[in-house]
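Here is a structure to explore together. Please keep the 3D view open while you read.

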Number of protein chains: 2
Amino acid sequence: MSKQRPTIADVAQRAGVSKGAVSFALNGRPGLARATVDKILAAADDLGWRPSNRARSLSVSKAFALGLVITRDPAVLSSDPFFPAFIAGVESVLSSRGQALVLQVVTAGEEEEAGYRRLAQDARVDGVFLSDLRHDDPRIALLTELGLPAVTLNRPDGTSPFPAVILDDRPGTAAVVEHLVELGHTRIAHVAGPPAFVHATARSTALLSTLAAAGLEPVAVETSDFTAAGGIEATRRLLTLSQPPTAIVYANDRMAIAGLGAAQAAGLTVPDDLSIAGFDDSELAEYVHPGLTTVRADPFAFGEAAAQTLNLVVDGATDVPDVELPPAQLVVRRSTGAPPSLGSPSPA
Amino acid sequence: MSKQRPTIADVAQRAGVSKGAVSFALNGRPGLARATVDKILAAADDLGWRPSNRARSLSVSKAFALGLVITRDPAVLSSDPFFPAFIAGVESVLSSRGQALVLQVVTAGEEEEAGYRRLAQDARVDGVFLSDLRHDDPRIALLTELGLPAVTLNRPDGTSPFPAVILDDRPGTAAVVEHLVELGHTRIAHVAGPPAFVHATARSTALLSTLAAAGLEPVAVETSDFTAAGGIEATRRLLTLSQPPTAIVYANDRMAIAGLGAAQAAGLTVPDDLSIAGFDDSELAEYVHPGLTTVRADPFAFGEAAAQTLNLVVDGATDVPDVELPPAQLVVRRSTGAPPSLGSPSPA
DNA sequence: AGCACCGTTTAAACCGGTTTAGATAGACCT
DNA sequence: AGGTCTATCTAAACCGGTTTAAACGGTGCT
């Protein structure tokens with residue numbers, strides 16, 4: 001009943017060579033005769049030998065794993081469409097390299113720093129993905145201090161020792177605004193994400209500058225928090241303005257879908273009375289009524305690129321270049337249309 | 001510049017004892033004089049020593065990590081409200097024990113089996129969570145063969161060597177049906193999940209038996225796939241029946257919210273013309289218009305219980321009992337109301 | 001004094017790989 | 001024949017813990 005998995009010593013014995021020779025052969029190191037290498041490979045194959053990455057971890061001081069710390073309130077996280085696809089993209093790179101993904105979900109605040117410290121002190125991972133990048137993100141200094149390699153998802157505003165993988169949200173946001181302007185909207189409002197986040201302000205400033213290029217100013221900019229509840233609140237405030245907007249651009253789909261519900265609950269018809277646009281193209285965006293005009297990125301490709309880039313730095317490459325991904329695309333659905341004054345007459 | 005982390009040998013030297021003694025002291029083993037233990041602990045503390053779990057992994061043959069394989073189409077997964085909260089619950093248990101969570105996202109099919117095999121062969125984890133349990137789930141035999149401990153989320157139908165952590169979906173489903181019956185509905189339809197899943201059939205049979213107890217039969221049962229697109233399709237089929245239902249109970253919120261959109265797109269008013277109920281209480285359920293009547297479970301608690309139970313098995317306990325969690329609760333919102341004949345008159 | 005016995009501690013093997021220094025052997029050269 | 005070189009391979013140390021067998025020193029007993 002030798003259920004035990006074979007070790008490198010078993011392979012060595014079977015091939016009639018030393019442990020060291022086996023290690024050399026399996027790692028493709030030069031200095032072994034071709035015939036010997038073949039013999040060793042055959043023996044390893046016969047035995048079904050697989051290296052123990054516990055042992056490898058100890059001797060080469062690597063974890064063969066990458067880490068992702070998701071800093072979220074569980075409720076907020078709960079329907080975020082980004083991470084699952086991002087993670088799938090990461091995995092597609094890791095699995096072929098025999099690496100694992102270690103996930104941590106921490107609530108915002110001190111727990112976040114503790115999460116990264118734990119990952120570093122326990123030497124659980126060789127590098128981490130820095131997502132939901134914030135302005136003057138304290139995690140950059142923290143990771144530098146911890147000596148933990150990283151890639152940032154999007155470009156940090158300070159100087160950063162880590163390569164950035166960038167998916168520019170601005171063209172997509174600009175496309176939304178241009179789409180609304182073309183439809184004839186002049187009274188456009190914005191529901192922004194928390195300004196601490198780089199991607200939130202990127203979307204907001206893109207919106208403002210595109211409006212400005214069209215000679216317009218936003219009716220109002222409501223700062224919210226990416227949650228459905230926040231989207232509802234912001235929408236209600238916008239709808240009770242003395243001069244309410246004819247179109248609202250939300251910084252993500254969750255807020256937009258919630259805003260859609262709020263508008264309908266207030267008796268408005270979308271898009272006849274109010275146009276609504278989101279950002280993310282989450283699964284439901286297509287299926288709510290009316291279908292949500294939004295912006296589609298490719299989180300899977302984002303994950304792939306991030307994993308590849310992080311592996312370059314983990315493998316010791318210096319001066320790893322930033323990676324720029326194709327920007328998000330506008331997806332026009334039924335939630336946007338001509339403004340009331342131009343399109344269908346406003347209801348009695 | 002001794003940036004190097006201290007090893008157990010450093011602690012031993014500082015305390016003036018042997019490596020073995022340090023190991024004993026730090027693991028609370030008997031056989032050391034009290035004074036010696038104190039001395040060692042003080043030395044470890046001074047040095048800021050933390051055990052290397054790479055070394056521990058190798059010598060005790062444990063990974064100090066648990067695994068979760070999520071078998072999903074990335075698109076399907078993308079807005080599943082269950083996993084993020086479940087994972088947060090798992091983490092709350094793992095972090096205090098210094099364990100990590102290794103996540104794998106695989107697409108359905110052969111890749112799934114490969115995912116578990118990789119986790120086992122690479123000895124990446126000490127045990128895994130078996131989620132989305134299926135009837136005659138092949139993974140139970142697979143994990144038994146691989147010798148990988150597990151817990152099943154919900155109870156498998158065959159015999160299983162693994163403890164089950166159970167969150168019974170039936171009372172919640174029954175509550176939904178009773179709620180609709182009380183409102184006066186007699187023409188109730190169901191949009192079910194894929195019958196391969198244990199939780200899908202549990203919800204379906206609970207619905208059928210509750211209806212039967214009220215002397216009713218379902219108008220129709222449409223089998224779908226838990227996705228928004230599937231929900232739309234099923235809803236369209238139900239609405240074009242010669243005798244359409246006055247209420248539809250969906251097996252999850254995604255299908256329900258999509259169905260809500262489909263009903264509205266078909267010109268129906270919810271709940272006046274049609275009542276709609278979901279299952280999960282996802283974030284958006286509260287904020288779509290009208291708010292979705294649904295069933296709320298506690299995935300965070302589910303994750304906690306599953307992690308605790310899995311750790312018992314991993315720690316070598318035998319005959320770990322199944323854990324039954326409090327069942328999901330009905331949440332009544334605006335998407336359900338009296339049927340057309342009894343309530344508001346049907347629109348001209 | 002000799003012995004058994006106890007609590008305490010240490011030395012060394014071990015987990016399964018990687019890596020370095022050195023051994024071995026044959027070829028080639030003078 | 002003796003010496004240098006190169007190609008090939010091995011022995012042993014090492015990573016940082018855990019664990020086992022044995023050593024140690026002191027007590028109490030006969």
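The notes below go through the model topic by topic.

## About the model

This is a predicted model, in which local features need pLDDT of at least 70 and side-chain atom pairs count only at pLDDT 80 or more, while totals for chains, interfaces and linings use all residues. Residues are numbered from 1 along each chain as its sequence is written, and chains are lettered from A and ligands numbered from 1 in the order in which they are written.

Helices (H or I, at least four residues) and strands (E, at least two) are DSSP runs, numbered from the N terminus.

## How the two protein chains relate

## Around the DNA strands

Which residues are closest to DNA strand C? Of the 26 residues that surround it, the closest are A:I8, A:G20, A:S23, A:A55 and B:G20. A residue counts as near a strand if its C-beta atom, placed from the backbone, lies within 6 Å of it. Two or more residues of this surface come from each of α2 and α4 (53-60) of chain A and α2 (19-26) and α4 (53-60) of chain B. The surface near DNA strand C divides into 12 nonpolar, 11 polar and three charged residues.

DNA strand D has 26 residues around it, and A:G20, B:I8, B:G20, B:S23 and B:A55 come nearest. Again, α2 and α4 of chain A and α2 and α4 of chain B give two or more residues to the surface near DNA strand D. That surface has 12 nonpolar, 11 polar and three charged residues.

Two packed helices are described by the angle between their axes and the distance between the axes. Axes are lines fitted to C-alpha atoms, for helices over the stretch in contact, and angles run from 0 to 180 degrees between N-to-C directions. Angles under 35 degrees count as roughly parallel, over 145 as roughly antiparallel, 65 to 115 as roughly perpendicular and the rest as oblique.

In chain A, the axes of α2 (residues 19-26) and α3 (residues 34-47) come within 9 Å and cross at roughly 90°, so α2(A) and α3(A) are roughly perpendicular to each other. A:A21, A:V22, A:A25 and A:L26 of α2(A) meet A:T36, A:V37, A:I40, A:L41 and A:A44 of α3(A). This contact has eight nonpolar, one polar and no charged residues.

Helix α1 (residues 8-15) of chain A also packs with α3(A), at an angle of about 125° and with the axes 9 Å apart; α1(A) and α3(A) are therefore oblique to each other. The contact joins A:D10, A:V11, A:R14 and A:A15 of α1(A) to A:K39, A:I40, A:A43, A:A44, A:D46 and A:L47 of α3(A). Its residues are six nonpolar, no polar and four charged.

## Backbone details to check

Most residues other than glycine have a negative phi, and most peptide bonds are trans. A:S61 has a positive phi, near 60°, and sits in the loop between α4 and β1 (65-71) of chain A.

A cis peptide bond joins A:H289 and A:P290, with omega about -5°; A:P290 lies in the loop between β9 (275-277) and β10 (294-296) of chain A. In chain B, the peptide bond from B:V270 to B:P271 is cis, with omega near 10°, and B:P271 lies in the loop between α12 and β9 (275-277).

Definitions and conventions: Two residues are in contact if their C-beta atoms, placed from the backbone, lie within 7 Å. Ala, Val, Leu, Ile, Met, Phe, Trp, Tyr, Cys and Pro count as nonpolar, Asp, Glu, Lys and Arg as charged, and the others, Gly among them, as polar.
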